Amino acid sequence: MAQPIPDLTLRDQPDWAGAAEVLVEGCAHLPSREDRVRWMERLCLSLGDALYPAFLQVLCRIGEHGNPQAQTAVADTLVLALQSGRMPSGRHAAWGAQWDASVRATRTMGPIEYLCAWFAQPDGRGTLGAVAFDRAARALVGLVSHSEAARRLYCAKLHSVADDPLEGAWTRSTRQALQAMALAWSQAGPEPHRAATQAVEAFIAAGRGGESRHPVAAAGTLAQGWIPPASWR
């Protein structure tokens, strides 16, 4: 009988640089497109839903500190994952579940949507502060922007999410913010950092006037660490 896989926990001082290097090596050097997507998929699945933010941290590390070749290799693998419907995803509480304990619904979200939901519609894992969101979102969007194909596909994905009021994961104001992000991102120039800045600023600006209890209203609240918060370690 197979032994259950033990729950994983983060070390007190995770080796984010080492984890990023492992992900880049697989995305850059595995022989086939399928191998690269499977590599990324397995890394994410091995962490599980509870540690999905750790996977985001690795992507952010590459987005902030990777060289252009490494960033392009990871972005190209994300293209393949998007095209095949295998984008590494995490589960986040659907709208309403974060305030009503009787609501158990969750939705599966890709890296950028998950980060936006964590910021705009925090669930039981706590609030992601404005400074933390800004830094992480710029890193993620900038990373994806190293592939023009990935940017186009991800913008289309965000538009699709924002245009579906019956999907149940988002408030109206957050859907409007996602729409603004996708539009600004699609219209931005080719330089990844500038494109990320425009997309993230558009999301934050569009979310300020919404009816939801949006953390932008408390922009002075900083995250403990950033991804994941120190309390998760």
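**Close-up views of a predicted helical model**

Residues are numbered from 1 along each chain as its sequence is written, and side-chain values use heavy atoms, with hydrogens and water left out.

**View 1. The overall fold has nine helices and two strands.** Helices (H or I, at least four residues) and strands (E, at least two) are DSSP runs, numbered from the N terminus. Read from that end, the order of elements is α-α-α-α-β-β-α-α-α-α-α. Contacts here are heavy atoms within 4.5 Å. Of those between residues at least 6 apart in sequence, 70% join residues at least 24 apart.

**View 2. Here is the largest cavity, with a volume of about 30 Å³.** A cavity is a set of points, on a 1 Å grid over the protein atoms alone, where a 1.4 Å probe fits but cannot get out; lining residues have an atom within 4 Å of a point. Grid points are joined across faces, edges and corners, and the volume is the space filled by probe spheres set on the points. The count comes to one cavity of 30 Å³ or more. Look for Leu59, Leu78, Met87, Pro111, Ile112, Leu140, Leu143, Val144 and Tyr154 around the largest cavity. Two or more lining residues come from each of helix H5 (111-120) and helix H6 (130-144), and H6 gives the most, with three. By class, the lining has nine nonpolar residues (Ala, Val, Leu, Ile, Met, Phe, Trp, Tyr, Cys and Pro count as such), no charged ones (Asp, Glu, Lys and Arg) and no polar ones (the others, Gly among them).

**View 3. Glutamate 113 sits in helix H5.** With a relative accessible area of 2%, glutamate 113 is buried. A polar atom of its side chain lies 3.3 Å from the backbone nitrogen of glycine 110. Leaving aside residues up to four places away in sequence, glutamate 113 touches Tyr154, Lys157, Leu158 and Trp170.

**View 4. Threonine 171 lies in the loop between helix H7 (148-162) and helix H8 (172-187).** Threonine 171 counts as buried because its relative accessibility is 2%. Its side chain makes a polar contact of 2.8 Å with the side chain of threonine 174. A polar contact is a pair of N or O atoms within 3.5 Å; within protein, one must be able to donate a hydrogen and the other to accept it, and residues adjacent in sequence count only if both atoms are side-chain atoms.

**View 5. Helix H8 has 16 residues.** From first C-alpha to last, H8 reaches 23 Å, close to the 22 Å expected at 1.5 Å a residue; the expected span is 1.5 Å times one less than the number of residues. Buried residues of H8 include Arg175, Leu178, Met181 and Trp185. Their cover includes H5, H6, H7 and H9.

**View 6. Helix H9 takes in residues 192-207.** The end C-alpha atoms of H9 are 23 Å apart, which agrees with the 22 Å that its 16 residues should span. At the start of H9, a side-chain oxygen of glutamate 191 reaches to within 3.1 Å of the backbone nitrogen of histidine 193. Among the buried residues of H9 are Pro192, Val200, Phe203 and Ile204. The buried residues of H9 pack against H5, H6, H7 and H8.

Methods:
Predicted model: local features only at pLDDT ≥ 70, side-chain atom pairs only at ≥ 80, totals over all residues. Buried < 20%, exposed > 50% of the residue type's maximum accessible area, 1.4 Å probe, protein only. 1 Å grid on protein atoms, 1.4 Å probe; cavity = no way out; pocket = protein on both sides within 12 Å on 5 of 7 lines; lining within 4 Å.
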